[in-house]
Amino acid sequence: MIEVLAKLGRGPVFLAGEVLECVITFTNPLSASSTSASSEMLAWASAQIHCQFHASENRVALPPSDGSKHDVQAENETVFVPNRGERGQCILSTPPKILFCDLRLDPGESKSYSYCETLPVDGPPSFRGQSVKYVYKLTIGCQRVNSPIKLLRVPFRVLVLHGLKDYQFPQDEAVAPSNPFLEEEEGLKKDSRLADLATELLMVATSRRSLHLYNISNTRGKVGTFCIFKTVYKIGEDVIGTFSFSEGDIPCLQFSVSLQTEESIQEEFQRRRGQPVSFTVHARHQESCLHTAQSSFSLPIPLSSTPGFTTNIVSLKWRLHFEFVTSGESAGTCLVRGSQSEAVTWTGVEQMEVDTFSWDLPIKVLPTNPILASYVSQYSSTNSITI
């Protein structure tokens with residue numbers, strides 16, 4: 001028996017273009033109850049990253065693919081196919097890397113191997129929507145002699161920051177002496193600079209503030225105004241806005257604000273022409289506001305959500321969806337004088353004519369620091385199997 005343990009050193013979330021590093025440990029455990037422990041042999045082990053795409057047959061019409069033939073691969077074959085047995089199509093993969101050949105482990109012995117690979121910058125982000133899914137996995141395959149291949153899959157999340165791949169780093173280390181033995185360290189240094197650059201670009205894009213004022217009105221007149229100071233955010237930030245109803249001609253009884261994503265399939269891949277767009281609500285605020293002069297809301301963008309993106313099949317956009325309930329009458333209240341001379345009691349009317357209308361405000365949502373997103377990731381940094 002051999003235990004295989006894979007550990008992502010920095011966490012399960014990465015930016016496209018970063019280097020994924022995983023330490024894979026093979027152990028022949030020494031059991032206290034075992035009296036005849038023996039050496040174990042593995043013929044080979046390889047690792048590869050791939051992105052698996054799956055689409056809902058009711059919503060997406062895809063052209064036929066011949067990639068499904070790998071799913072029926074015989075288990076005794078020695079060909080390493082990372083996505084064997086998985087649903088959907090493999091739309092992106094890195095070249096496989098051999099970890100070792102002919103490994104012998106004595107009882108209680110362990111050996112570790114480091115796997116490093118740069119994540120492709122031209123792939124989609126990780127996404128689990130109502131119509132399509134993009135899932136990234138690192139797959140480690142190993143095999144005993146004359147035994148079936150065993151696969152250890154390590155899922156992880158990829159965030160995509162557009163424009164990052166086009167940036168050219170300055171050649172500020174050109175004067176430093178080159179050392180061929182420091183190639184890995186130089187790669188990690190560039191990876192660190194990439195993360196720092198992404199953080200800087202995100203800060204510049206999301207820190208710009210300017211006043212955006214919108215008049216809220218229906219066919220009968222002005223209801224109020226809405227104020228927001230920015231429309232570009234990172235996942236994990238709060239969307240904050242304020243309402244002013246003091247200058248409105250039409251009383252507003254109630255309002256609600258929903259933070260939504262809009263998932264739409266490109267027209268050429270739609271199962272039915274003109275099929276409806278899928279919406280997902282991530283946060284919602286509702287408030288009764290009759291006789292309220294000003295009000296505000298704060299909606300958190302979940303760290304686990306996917307920033308906006310577009311591929312040849314699907315598009316994901318963010319928006320604020322507003323719904324207003326206004327009075328069809330004037331004030332909608334009456335005064336009833338009590339029995340005491342100075343007492344006044346306010347009561348609401350039992351019935352009221354109302355009007356409702358909605359409004360959508362597009363916003364832009366970008367990724368965040370992948371280390372921050374790792375704290376709430378559903379994926380584990382450590383995965384293992386026994387073969």
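Which strand gives the largest share of the lining of the second largest pocket? Strand 9 does, with three residues. The tour starts there.

**Before you click**

This is a predicted model, in which local features need pLDDT of at least 70, side-chain atom pairs count only at pLDDT 80 or more, and totals for chains, interfaces and linings use all residues. Residues are numbered from 1 along each chain as its sequence is written, and side-chain values use heavy atoms, with hydrogens and water left out.

**Stop 1: the second largest pocket**

Select Phe-127, Arg-128, Ser-304, Ser-305 and Thr-306. Of the 25 lining residues, these are the closest to the centre of the second largest pocket. The space in this pocket is about 420 Å³. A pocket is an open set of points on a 1 Å grid over the protein atoms alone, where a 1.4 Å probe fits, with protein on both sides within 12 Å along at least five of seven lines; lining residues have an atom within 4 Å of a point. The volume is the space filled by probe spheres set on the points, which are joined across faces, edges and corners.

Now colour the strands that give two or more residues to this lining. They are strand 8 (127-128), strand 9 (132-143), strand 10 (150-159), strand 15 (252-265), strand 16 (278-288) and strand 19 (314-327). Strands here are DSSP runs of E with at least two residues, helices are runs of H or I with at least four, and both are numbered from the N terminus.

Colour the lining by class next. It has 11 nonpolar, 11 polar and three charged residues. Ala, Val, Leu, Ile, Met, Phe, Trp, Tyr, Cys and Pro count as nonpolar; Asp, Glu, Lys and Arg count as charged; the others, Gly among them, count as polar.

**Stop 2**

Most residues other than glycine have a negative phi. Select Asp-102, in strand 6 (residues 97-105). Its phi is positive, about 55°, although Asp-102 is not a glycine. Asp-102 is exposed, at 58% relative accessible area. Exposed means over 50%, buried under 20%, and partly exposed in between, with a 1.4 Å probe and protein chains only.

Move to Asn-146, in the loop between strand 9 and strand 10. Asn-146 also has a positive phi, near 60°. This residue is exposed, with a relative accessible area of 80%.

**Stop 2: salt bridges**

How many salt bridges does a search of the whole structure find? It finds 11. A salt bridge is a side-chain nitrogen of Lys or Arg within 4 Å of a carboxyl oxygen of Asp or Glu.

Select Arg-10 and Glu-18. They form a salt bridge, with the closest N and O atoms 2.7 Å apart. Is Glu-18 buried or exposed? Glu-18 is buried, at 0% relative accessible area, while Arg-10 is partly exposed, at 31%.

Go on to Glu-247 and Lys-222. Their closest N and O atoms are 3.8 Å apart in a salt bridge. Glu-247 lies in the loop between strand 14 (238-244) and strand 15, and Lys-222 in strand 12 (residues 221-228), so the pair ties together parts 25 residues apart in sequence. Glu-247 is exposed at 59%; Lys-222 is partly exposed at 24%.

Then pick Glu-267 and Arg-273. Their side chains meet in a salt bridge at 3.0 Å, N to O. Glu-267 is exposed at 53%, and Arg-273 is exposed at 75%.

Finish with Glu-86, Lys-137 and Arg-153. A network of salt bridges links them.

**Stop 3: contacts across the sequence**

Thr-356 is exposed, at 59%.

Met-352 sits in the loop between strand 21 (344-348) and strand 22. Met-352 is partly exposed, at 25%.

**Stop 4: a nonpolar patch**

Last, select Ile-371, Leu-372, Tyr-375 and Val-376. Together they make a nonpolar surface patch of about 410 Å². Patches use residues with over 30% relative accessible area and no salt bridge; nonpolar side chains (Val, Leu, Ile, Met, Phe, Trp, Tyr) are joined within 5 Å, and like charges within 9 Å. Areas come from the Shrake-Rupley method with a 1.4 Å probe, and for residues only the protein chains shown count as cover. Leu-372 is in helix 2 (residues 370-374) and is partly exposed, at 40%.
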